[in-house]
Amino acid sequence: MASVLRFRKLCFVEPVKCSSVGFQCSEKTTPKNEKKNENDVVSNVGISVLEKKRKSKKQPKEWRCIDSCCWFIGYMCTTWWLLLFLYHCLPATLPGFQVPESPGARLRREGVKALHPVVLVPGIVTGGLELWEGRPCAEGLFRKRLWGGSFTEIFKRPLCWLEHLSLHNETGLDPPGIRVRAVPGLVAADYFAPGYFVWAVLIENLAKIGYEGKNMYMAAYDWRLSFQNTEIRDQALSRLKSKIELMYVTNGYKKVVVVPHSMGVIYFLHFMKWVESPPPMGGGGGPDWCAKHIKAIMNIGPAFLGVPKAVSNIFSAEGKDVAFLRAMAPGVLDSDILGLQTLEHLMRVSRTWDSTISLLPKGGDTIWGNLDWSPEEGHSCHLEKKENAQLSSIDINFNHSDGTRGFRIKEPTKYGRIISFGKAASQLPSSRLPSPDLKELLRTRSSTGLNLSCGEVWTEYDEISRENIRNIAESKAYTTQNAFDLLRAVAPKLMQRAEAHFSHGIADDLDDPKYAHYKYWSNPLETKLPHAPDMEIYSLYGVGIPTERSYVYKMSPSGKCNSIPFRIDSSVDGEADSCLKSGVYFVDGDESVPVLSAGFMCAKGWRGRTRFNPSGIATYIREYRHKPPASLLEGRGMESGAHVDIMGNVALIEDVMRVAAGATGEDIGGDRIHSDIIRMSTRIDLQL
């Protein structure tokens, strides 16, 4: 080290004289000062190093919100992967880590084997859609999933993605230059997104008792189209008919067990009438086709009579979840600065899907109630209070000022008012409410609305004057019956197009020739079941989850172009034990379909020989009380009753497997009812 410092001193500190001949150098410093200069050099070097370190050291960055978000996401992902790693590494014999035996493995051990072919019919939005032809903005997406899967295209090119998911606003079919088709095969709806199963668990369990591609089929179809248009454009009904006939023959002439889910239930109801009807409107199978080919129909989460949330989705493109998000983070959906107009885009696209009309409530006020009555009257939103529901309708009040005791009859919840403007309108006696005059609104509808040229997002609200919008809100309350007039006023093109394919009334005379038209075939109240006395029909659905039934609305405060003028009033709540939460009245159901819609037909409409079931097909109700997962290790729960999660319910899977293996409804225990569906059904005055 000393030699290095000496060299630096000789070269940089002291001048050096060198002879030109012998290259001899001499120093002017004395040996006495040499040591001192060496120390000075060391000091100077140290100072220079510290200065360089100070200069090279970066100033700390200011901590931003995005940094916190990234770190939080990183911690969550790391924790999740660590827990997942430990879960797979720890021995399964440890307490709490035992994986329950699947229904398929247990039934296989009991000797249950595949017998009847199985056809799975997915519902709305759960089936995958892929691109076959598109606009230039969709370059590179040929046969890639636009719906279902990873949804990466939403973030890459959202407006292009929405354009390709839309249908033609007049024909309800493909727009020019765009072809989007249903993904074929079991992969069409086994998973909705990576890790989010739909049919995958049921398929896996069926495979354990011997099912595979030759005796199990996914009847995928484009769920955006009207049911008859799936045949007109894709021949989906003809392919389903041919597949069932082929499976029947190749599996030893064993009848097929059909398992539809959600909207797939009424899609298959349409199919049964189509296959019997003569061509060109029908499939030409004849009146005995169903009796010959179908053993049982096991409807999961059936929306036989529609769902109230379909009304709110068409009216304002929202339900309870969207209303909650709006209340918690209004800038995300309603930001004037960002100009996202998310709900307007969703409304524009969804109003081109005719299938949404199929889910509107069927049966009108007879089924769903009027301004003063509903079948769910007396429903308690707290399960532990159900047995005291009758007693709770009378409240005892004490007047402390005079010591007298009075009785107050508690007003029943008026679920029949499917849309009310303001909390008072949802509770006042009908005599104090104005009568809506929507026919006058339809006559005075303006063809040049306020918003026609002020934005890029088109909705049919563009063509309604501000005065007519106020008139809608001033009418205060709407039942299911006049809610259709309301939707015709705010979405005339959608309703005019879709009502050519669907009907939502109650037939007076089912022998009337008009009911031979396909628009009535998906409505169980306007069509007869096939002549198949040996066939069985099941309603399998969850109960014990608050489910949307009616809504409290308000005028939207936003006045921007193309905005939706109405929104659910999420600030409205009822009393502590009320069914009114955040502007939504709840009843019992599976989170999407109320018990009334899922269970009425099997409880009363089709029970025994009725005009809707002339051959007396046996019907069974199998309800599954919802039980949330006990821990994260259970995932979405093995006893869930939620509308989609029920597809992983072990009791439901076992019921489906036993019937597919040859059991009847009586063999699996007949009806299993936890809800008030029988009481609700008896309150409905329907001619049978």
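## Briefing: a buried helix, cavities and aromatic pairs

All 14 of the 14 residues of helix α10 are buried, so α10 is largely enclosed by the rest of the structure. Keep in mind that this is a predicted model. The structure holds five cavities of 30 Å³ or more, and 28 aromatic pairs turn up in the count. Here's the rundown, topic by topic.

**Helix α10 and the second largest cavity**

- α10 covers residues 263-276.
- If you want to find the cavity on screen, look for Val265, Phe268, Leu269, Met272, Ile297, Asn299, Phe304, Leu529, Ile537 and Trp606, which line it.
- By class, that lining has nine nonpolar residues, one polar residue and no charged ones.

**The largest cavity**

- The volume of the largest cavity comes to about 80 Å³.
- Eleven residues line the largest cavity, and Glu376, His379, Asp588, Asp676 and Met680 are the ones that lie nearest its centre.
- The elements giving two or more residues to this lining are β20 (584-589), α23 (595-605) and α25 (677-682).
- Sorted by class, the lining of the largest cavity has five charged, four nonpolar and two polar residues.

**Aromatic pairs and their cluster**

- As a reminder, a pair of aromatic rings is described by the distance of the centres and the angle of the planes.
- Trp147 and Trp161 make a stacked pair, at 6.1 Å centre to centre with 10° between the planes.
- Trp147 belongs to strand β5 (residues 145-147) and Trp161 to helix α6 (residues 158-165), so their pair ties together parts that are 14 residues apart in sequence.
- Both Trp147 and Trp161 are buried.
- Phe151 and Phe192 have ring centres 5.4 Å apart and planes at 50°, so this pair counts as tilted.
- Phe151 lies in the loop between β5 and α5 (152-156), while Phe192 is in strand β7 (residues 191-193), so the pair ties together parts that are 41 residues apart in sequence.
- Phe151 is buried at 16% relative accessible area, whereas Phe192 is partly exposed at 21%. The cut-off for buried is under 20%.
- Both pairs belong to one aromatic cluster, made up of Trp147, Phe151, Trp161, Phe192, Tyr196, Trp223 and Trp353.

**Arginines to look at**

- Arg636 has its charged end over the ring of Tyr196, 3.7 Å from the ring centre. Tyr196 is also one of the residues in the aromatic cluster.
- The charged end of Arg636 sits over the ring of Phe197 as well, at 3.9 Å from the centre of that ring.
- Arg658 is placed in helix α24 (residues 650-660), and it is partly exposed with a relative accessible area of 26%.
- Arg658 and Ile668 are ten residues apart along the chain, and their C-alpha atoms are separated by 7.5 Å.

Terms used. Residues numbered from 1 in each chain as written. Predicted model: local features only at pLDDT ≥ 70, side-chain atom pairs only at ≥ 80, totals over all residues. Heavy atoms only, no water. 1 Å grid on protein atoms, 1.4 Å probe; cavity = no way out; pocket = protein on both sides within 12 Å on 5 of 7 lines; lining within 4 Å. Points joined across faces, edges and corners; volume = space filled by probe spheres on them. Helix = DSSP H or I, 4+ residues; strand = E, 2+ residues; numbered from the N terminus. Nonpolar A, V, L, I, M, F, W, Y, C, P; charged D, E, K, R; others polar. Phe/Tyr/Trp six-rings, centres within 6.5 Å; stacked < 30°, edge-to-face > 60°. Buried < 20%, exposed > 50% of the residue type's maximum accessible area, 1.4 Å probe, protein only. Lys NZ or Arg CZ within 6 Å of the ring centre and 35° of its normal.
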